[in-house]
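This briefing gathers computed geometry and contacts for a single structure, arranged by topic for a reader who will want to check each point against the coordinates. The model is a predicted one, and the points that follow should be read with that in mind.

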Amino acid sequence: MDYDLNLIEALDALLAENSVTKAAARLHTSPPSMSRALARLRRAFDDPLLVRAGRDLVPTARALELRGEVHAVAARARALFTPSHTADPRTTVRMFDLQVADMLSTTFIPSLIDDLRVQAPGVSLRLRPESVEDTPALREGLVDLEIGVIRPGDPEIHSETLVTETLIGAVRPDHPLARVKTVTPKRFAAADHIVVSRRGRAHGPIDEQLADLGLSRRVIAVVPSFASALYLARETDVVCVAPAQLGRSMLDTLGLRTFPIPLALPHTAIGMAWHPRNHHDRTHQLLRERTRQIMAAAGGTG
């Protein structure tokens, strides 16, 4: 079965109160909800945990064994998620889990690491794969800060836009498109393309706009990462789409030539998102502020 960490809090309350009603009041929930939690706990532990004795509930032997340990675990979990108002973020030793869009991992993250080494040397970063974006990662505490294209999700999640990006085409210096004065939609469509898609999708908004013009392009490869696409663009005659501002340092490093995409593509908003549990945390506030400053320096505010 799937284990919900909220069950630990429920079990702690049930074993402390020996009452479904009192446990529900303690956790500000309803008795039916607490009864359902007790039923799940009984299945998880394969033990009734609380049994009827007259009009009261009494703990089983297994429940008595668990009571102390469950209370300690619940208390430690609450402490972990309690924002610290006293810790000095510049001396705190702490690990943050970040979910960062692939196109930023090789451009923004090095700058953030260098900045934090000065501003908060005790802070370490752990980058989580983008695959967790399909789960409520911020809400469940798997991710402390998400940076990238923020899609609508849980209404309680805080978010803000950092920069507004324009997409451009990138090719190696001896690519035919690098030698023309103006890249027209027809020339753009006639080139071979490489597409970045973590889900393996070969078509998107570019193809829709080309179709409106009676054009189509040939996608010769789909790769899961922005870095891989740019390296392939350096080695072979393909067009890669890149962010104009945040991708600039990598584009320059690889010696790629860029050009405006001759389509009316919408701008891309790059932002960050975090859970309310971290909103007032001073160290998390520092992380957000440094992220904000670095993004502003890299691409200008949108």
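Arg187 sits in helix α8, which covers residues 185–190, and with a relative accessible area of 41% this arginine is partly exposed. Once neighbours within four places in sequence are set aside, Arg187 is in contact with Leu177, Val180 and Thr182. The C-alpha atom of Arg187 is separated by 9.5 Å from that of Pro262, a residue 75 places away along the chain.

**Helix α1 and its partners**

- Helix α1, spanning residues 6–17, packs with helix α3, spanning residues 31–45, at an angle of about 100°, and the two axes are 10 Å apart. Because angles from 65 to 115 degrees count as roughly perpendicular, α1 is described as roughly perpendicular to α3.
- On the α1 side of this contact are Leu7, Ala10, Leu11 and Leu14, which meet Met34, Ala37, Leu38, Arg40, Leu41 and Phe45 of α3. Sorted by class, the contact of α1 with α3 comprises 9 nonpolar residues, no polar residues and 1 charged residue.
- With 12 residues, α1 reaches 17 Å from its first C-alpha to its last, which is close to the 16 Å expected at 1.5 Å a residue.
- Leu7, Ala10, Leu11, Asp12, Ala13, Leu14 and Leu15 are the buried residues of α1, and these buried residues pack against α2 (20–26), α3, β1 (50–53) and α4.
- In general, an α-helix has 3.6 residues a turn, so residues three or four places apart point the same way.

**Nonpolar cores**

- The largest nonpolar core has 41 residues, of which Leu98, Leu104, Phe108, Leu112, Ile147, Leu230 and Met295 touch the most other members. Helix α10, residues 226–235, supplies the largest share of this core, namely 5 residues.
- Another core, of 19 residues, lies apart from it and has Leu7, Leu11, Met34 and Leu66 among its members. Leu7 and Leu11 also take part on the α1 side of the α1 and α3 contact, where Met34 is one of the α3 residues.

**Val70 in helix α4**

- Val70 belongs to helix α4, and its relative accessibility of 7% is why this valine counts as buried.
- Leaving out neighbours within four places in sequence, Val70 is in contact with Ile8, Leu11 and Asp12, and of these Leu11 and Asp12 are among the buried residues of α1.
- Val70 and Met34 are 36 residues apart in sequence, while their C-alpha atoms are 17 Å apart in space.

**Loops and residues with positive phi**

- Asn18, which follows α1, has a positive phi near 50°.
- Ser19 lies in the loop between α1 and α2 and counts as buried because its relative accessibility is 16%. Apart from neighbours within four places in sequence, Ser19 is in contact with Leu14 and Leu57.
- His28 is in the loop between α2 and α3, and its phi is near 55°, a positive value in a residue other than glycine. At 75% relative accessibility, His28 counts as exposed.
- Leu49 is in the loop between α3 and β1, and its phi, near 65°, is likewise positive in a residue other than glycine. In contrast to the exposed His28, Leu49 counts as buried at 0% relative accessibility.

Definitions and conventions:
Residues are numbered from 1 along each chain as its sequence is written. This is a predicted model: local features need pLDDT of at least 70, side-chain atom pairs count only at pLDDT 80 or more; totals for chains, interfaces and linings use all residues. Side-chain values use heavy atoms; hydrogens and water are left out. Axes are lines fitted to C-alpha atoms, for helices over the stretch in contact, and angles run from 0 to 180 degrees between N-to-C directions. Helices (H or I, at least four residues) and strands (E, at least two) are DSSP runs, numbered from the N terminus. Angles under 35 degrees count as roughly parallel, over 145 as roughly antiparallel, 65 to 115 as roughly perpendicular and the rest as oblique. Contact means heavy atoms within 4.5 Å. Ala, Val, Leu, Ile, Met, Phe, Trp, Tyr, Cys and Pro count as nonpolar, Asp, Glu, Lys and Arg as charged, and the others, Gly among them, as polar. A nonpolar core is a set of buried Ala, Val, Leu, Ile, Met, Phe, Trp, Tyr and Cys residues joined through side-chain atoms within 4.5 Å. Buried means under 20% relative accessible area, exposed over 50%, partly exposed in between (1.4 Å probe, protein chains only). The expected span of a helix is 1.5 Å times one less than its number of residues.
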